[in-house]
Amino acid sequence: MSVTTVKVARRHPPRLPGRQLASNAAPTVIALAGGIVLWEVVAQAWNVIFFPPFSAVVVRLVELTLDGKILESLVGSLTNLMIGFTISVVFGVGIGMLMGAYRKVEMALDVYVYAMLTAPSLVFAPIFFAIFGLGRASILGVVIMYAIFFIIINTTAAIRTVPVGLIEMGRSYCATERQLFFKVILPAALPMIFAGLRLGMGRAVKGTINGEMFISAVGLGAVVISAGRRFDAAAVLAVLLVIIIVALVGVKAIQLIDARMTSWLPSTARAAKARRAGDRV
Amino acid sequence: MIEISGLAKTFPARGKDAPVDALKDVNLTINDGEFLTILGPSGCGKTTLLRMIAGLIPWDEGEITIDGRPIVGPGPERAMVFQSFALMPWSTILDNVAFGLELRGVSKAKRHARAAELIDLVGLTGFEGRLPGELSGGMQQRVGLARALAVDPQILLMDEPFGALDEQTRRLLQEELLQIWELSRKTVIFITHSMEEAVLLGDRVALMGPRPGRIVDITDVPLPRPRASAVDAIEGSEEFAKITANLWRQLREMQMFRRHAAEGRHSSSEPAA
Amino acid sequence: MNSAQTRRRPMTGGGLSRPRSSSLRTRILGSAWTYRLLVLVVLGGAWEIAARAAKLLLVPTFSGTIGGVIELIGDPKVWGAFFISNQALVIGFALAVVLGITLGLALARFRQIEGFVDPYLNILLVTPMAALIPILLMSLGIGLASRVFLVVVFAIPVIIINSRAGVRQVDPALIEMATSFGADERQVWRKILLPGALPAIMTGVRLGLGRGVTGMVIIELLMVAVGIGGLILNFQGRFEANLLYGLVILIVMEALVLVSAVRAVERRLAPWASQTVLRD
């Protein structure tokens with residue numbers, strides 16, 4: 001038994017990505033195309049200022065892109081998003097692991113984490129504004145408040161729900177604490193941690209936009225606010241389209257990393273884990 | 001030699017539940033190279049006892065020694081096979097079997113070579129690169145057995161290893177286990193709730209009873225070895241029938257007694273074991 | 001994870017296995033509230049010291065904030081602001097529950113359209129709804145209607161999705177069982193699918209309420225400065241830091257109280273599910 005054959009055999013699970021994509025994509029494309037046509041027709045017929053047709057939104061999007069406004073704001077927003085999300089991941093996963101591993105840490109922190117999870121995160125924006133002023137730090141504060149608690153909760157639950165049988169198995173083979181953590185607990189917890197990261201990414205996008213709307217100085221959120229002040233509905237919707245694409249791409253990126261790192265998981269189990277994680281939202 | 005003396009454990013009262021005497025005054029000696037089966041109804045503490053021998057859970061009173069040394073935790077001379085298989089779903093079969101060796105720091109080439117040997121022994125050659133989720137229950141437990149054997153333990157602890165399998169698979173695995181054991185003659189402690197399994201596999205059958213968990217009786221099984229090649233003949237023999245009938249008589253009395261006891265109380269909740 | 005302690009300890013007489021003595025000391029050490037209070041005291045103390053040292057105009061001390069909370073509770077203006085804000089929440093949340101559950105059940109019933117609806121549900125879930133506020137104001141004005149609409153938009157996706165998922169996850173064997181006893185579709189829905197889906201629906205309602213509160217506050221903070229959000233901005237503008245912080249705490253409290261109330265209803269309506277659906 002050579003190592004190479006093992007590697008080859010490992011790729012075995014019969015997944016047909018191409019075909020699966022096609023069967024999923026067809027209704028999606030039809031649905032989106034249908035939605036766009038409906039939007040165009042209704043908006044043309046209705047002809048009100050707050051509901052511009054799709055074509056007008058696209059035209060506006062092109063204009064905003066050409067004068068560089070979108071790109072500049074997009075870079076600003078993505079910077080806020082990436083920094084805020086990274087900080088949330090590092091501290092969220094760290095705190096979540098401590099809570100999952102040590103009962104006392106969990107007892108000490110759980111009510112606060114749940115409270116922050118339930119609280120409308122944007123109410124903290126005025127506080128960040130008070131401390132950090134108009135700068136980027138205020139927006140990052142909001143992004144972190146949006147994302148980190150989801151990541152903490154899921155990481156805690158992920159560590160807690162590692163099958164007891166596996167941990168006992170590890171111990172019966174004399175695993176040290178370190179080995180137990182890295183070889184058994186962490187891999188077993190990874191799928192659910194990633195479910196939390198996926199939720200956290202969605203939340204981080206919302207935090208970025210809402211924070212930017214509140215601070216109203218940089219990023220796509222600020223563009224939304226200023227377009228709103230000018231009653232430029234087409235510009236608002238154009239930016240919203242960009243935001244939705246950012247959110248979908250961000251979530252998809254996490255899913256791709258997840259699929260790479262936890263390829264052993266059957267897809268049904270992945271869906272179930274994601275659902276369970278969603279319950280805690 | 002494993003010696004268990006005066007072993008007792010009480011699970012503390014939890015909420016409204018009264019404390020449960022999981023084990024009380026358990027005494028047992030297991031000789032080197034012996035295949036001991038422990039038989040008992042569910043909730044009698046047999047799994048608790050095995051997990052103590054494995055060093056996974058503490059107890060209140062008494063002592064367990066292996067060759068005179070008291071147990072203070074899991075040790076390299078013992079390896080366990082789990083009812084739930086306890087395979088790591090993210091690792092290949094090869095890596096699962098090599099797990100115990102990996103923890104001991106054996107080099108990759110060496111442990112993979114050793115694992116491949118064991119995979120061959122349990123008849124899974126060709127499945128090295130698969131993931132546990134792709135295998136049937138019977139195949140998964142073969143992996144569990146191979147993983148335990150890979151670390152070449154002196155003592156094999158088996159916790160109802162075939163309990164989650166269907167009847168045909170179970171019988172096949174019993175034969176294979178006998179074959180493997182009759183070659184290597186390791187000390188085996190095997191938990192089961194099947195009388196036939198206990199008698200077919202064991203040199204002796206320790207019968208446990210519930211509340212408090214204790215050893216009720218120890219029966220010698222004087223059936224000839226090797227048995228692997230003669231399973232049908234053994235199961236058809238008069239001796240086999242006699243021993244099984246005797247065990248059943250005792251088990252039935254235990255259950256009847258329990259039922260009467262339960263009628264007096266509200267519920268008969270099982271201890272967490 | 002706590003195996004390290006057991007590992008090197010002799011296997012007998014371990015603290016794990018002894019019946020717990022119920023002395024005051026062990027009770028205090030075993031209680032979660034001890035640790036929670038400890039965190040509060042440590043963080044509150046750190047805050048107090050830092051704030052006193054920093055002396056920033058917009059960072060109140062911990063004690064000042066507590067004082068602010070007390071002051072706010074006694075202030076009728078605050079109650080008025082909560083009343084105004086919560087009008088939007090009550091109407092919007094009621095609409096979201098009715099519409100959301102109906103839509104969710106309909107989606108579960110008509111599986112054929114699933115592929116066409118899913119992309120929109122996915123988009124709905126990730127879209128920062130707050131970006132729609134300018135459009136709302138253009139169409140519905142800055143009155144109650146806009147705020148109600150935003151609460152609905154915030155609350156409804158999670159209610160739809162959970163209601164649909166709730167019906168989907170009902171054990172098919174139960175449906176077969178009912179059908180084998182001659183149940184028609186109506187009866188299957190009434191007797192099997194709805195009770196089976198109830199826990200998930202209630203979870204959706206609870207999550208929806210949390211989001212509804214968020215929507216209620218967000219529109220006031222971002223564009224319509226009335227109610228609680230308006231009050232926050234007011235305090236911020238007047239540099240009344242302790243009142244600003246105190247009001248944030250009150251809003252968090254309101255969200256917690258409302259969500260706990262739904263959780264209590266949830267436990268009553270579906271007591272069998274409290275363990276399986278959620279961990280908390």
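Helices are DSSP runs of H or I at least four residues long, numbered from the N terminus. Just after one such run, helix 11 of chain C, C:Phe239 takes a positive phi of about 55°. The model described here is predicted.

## Confidence of the prediction

For chain A the mean pLDDT is 83, with 86% of its residues at 70 or more. Within chain A, confidence is lowest in helix 1 (residues 3-10), where the mean is 33, and highest in helix 4 (residues 69-101), at 94. Residues 1-22 of chain A have a pLDDT below 50, and this stretch has 16 contacts in the model beyond near neighbours in sequence. Residues 277-281 of chain A also stay under 50, and for them the model has 16 contacts beyond four places in sequence.

Chain B averages a pLDDT of 87, and 93% of its residues score at least 70. Over residues 266-273 of chain B the pLDDT is below 50, with 14 contacts in the model beyond near neighbours in sequence. Where pLDDT is low, the predicted coordinates should not be read in detail.

## Chains A and B

| Property | Chain A | Chain B |
|---|---|---|
| Secondary structure | 12 helices, 0 strands | 9 helices, 10 strands |
| Buried residues | 47% of 281 residues | 46% of 273 residues |
| Mean pLDDT | 83 | 87 |

Read along its sequence, chain A follows the pattern α-α-α-α-α-α-α-α-α-α-α-α. Chain B has 9 helices and 10 strands. The radius of gyration of chain B is 19 Å, close to the 19 Å given by the globule rule for 273 residues, so chain B is as compact as a globular protein of that length. Along the principal axes, the C-alpha atoms of chain B fill a box of roughly 60 × 45 × 40 Å.

## Helix 3 of chain A

Helix 3 of chain A covers residues 54-66, and at 1.5 Å a residue its 13 residues should span 18 Å; the end C-alpha atoms are 18 Å apart, which agrees. The buried residues of this helix include A:Phe54, A:Val57, A:Arg60 and A:Leu64. These four residues lie on the same side of helix 3 of chain A, because they cover an arc of only 120° around the axis. On the other side of the helix, A:Val62 and A:Leu66 are exposed. Just after helix 3 of chain A, A:Gly68 takes a positive phi of about 85°.

## A buried arginine in chain B

B:Arg147 lies in helix 5 (residues 137-150) of chain B. Is this arginine buried or exposed? B:Arg147 is buried, because 31 other C-beta atoms lie within 10 Å, and the cut-off for a buried residue is 20 or more. Leaving aside residues up to four places away in sequence, B:Arg147 touches B:Asn96, B:Val97, B:Phe99 and B:Gly100. The C-alpha atoms of B:Arg147 and B:Leu118 are separated by 7.8 Å, although the two residues are 29 residues apart along the chain.

## Contacts between chains

The contact between chains A and C takes 52 residues from chain C and 54 residues from chain A. On the side of chain C that touches chain A, the elements that each supply at least two residues include helix 3 (32-54), helix 8 (144-168), helix 10 (185-222) and helix 12 (241-269) of chain C. By class, this side of chain C has 41 nonpolar, 8 polar and 3 charged residues.

Helix 11 (227-237) of chain C also supplies at least two residues of that side. Its buried residues include C:Gly227, C:Ile228, C:Leu231, C:Ile232 and C:Phe235. What covers the buried residues of helix 11 of chain C includes helix 6 (125-132) of chain A, together with helix 5 (76-109), helix 10 and helix 12 of chain C.

The contact between chains A and B takes 25 residues from chain B and 22 residues from chain A. Helix 3 (residues 99-103) of chain B gives the most to the side of chain B that touches chain A, with 3 residues. By class, that side of chain B has 16 nonpolar, 6 polar and 3 charged residues.

Definitions and conventions: Residues are numbered from 1 along each chain as its sequence is written. Chains are lettered from A and ligands numbered from 1 in the order in which they are written. This is a predicted model: local features need pLDDT of at least 70, side-chain atom pairs count only at pLDDT 80 or more; totals for chains, interfaces and linings use all residues. pLDDT is the predictor's confidence in each residue, from 0 to 100. Two residues are in contact if their C-beta atoms, placed from the backbone, lie within 7 Å. The expected span of a helix is 1.5 Å times one less than its number of residues. A residue is buried if 20 or more other C-beta atoms lie within 10 Å of its own, exposed if 12 or fewer, and partly exposed in between; C-beta atoms are placed from the backbone. The arc is that of the directions from the helix axis to the C-beta atoms. Ala, Val, Leu, Ile, Met, Phe, Trp, Tyr, Cys and Pro count as nonpolar, Asp, Glu, Lys and Arg as charged, and the others, Gly among them, as polar. The radius of gyration is taken over C-alpha atoms; the globule rule is 2.2 Å times the number of residues to the power 0.38.
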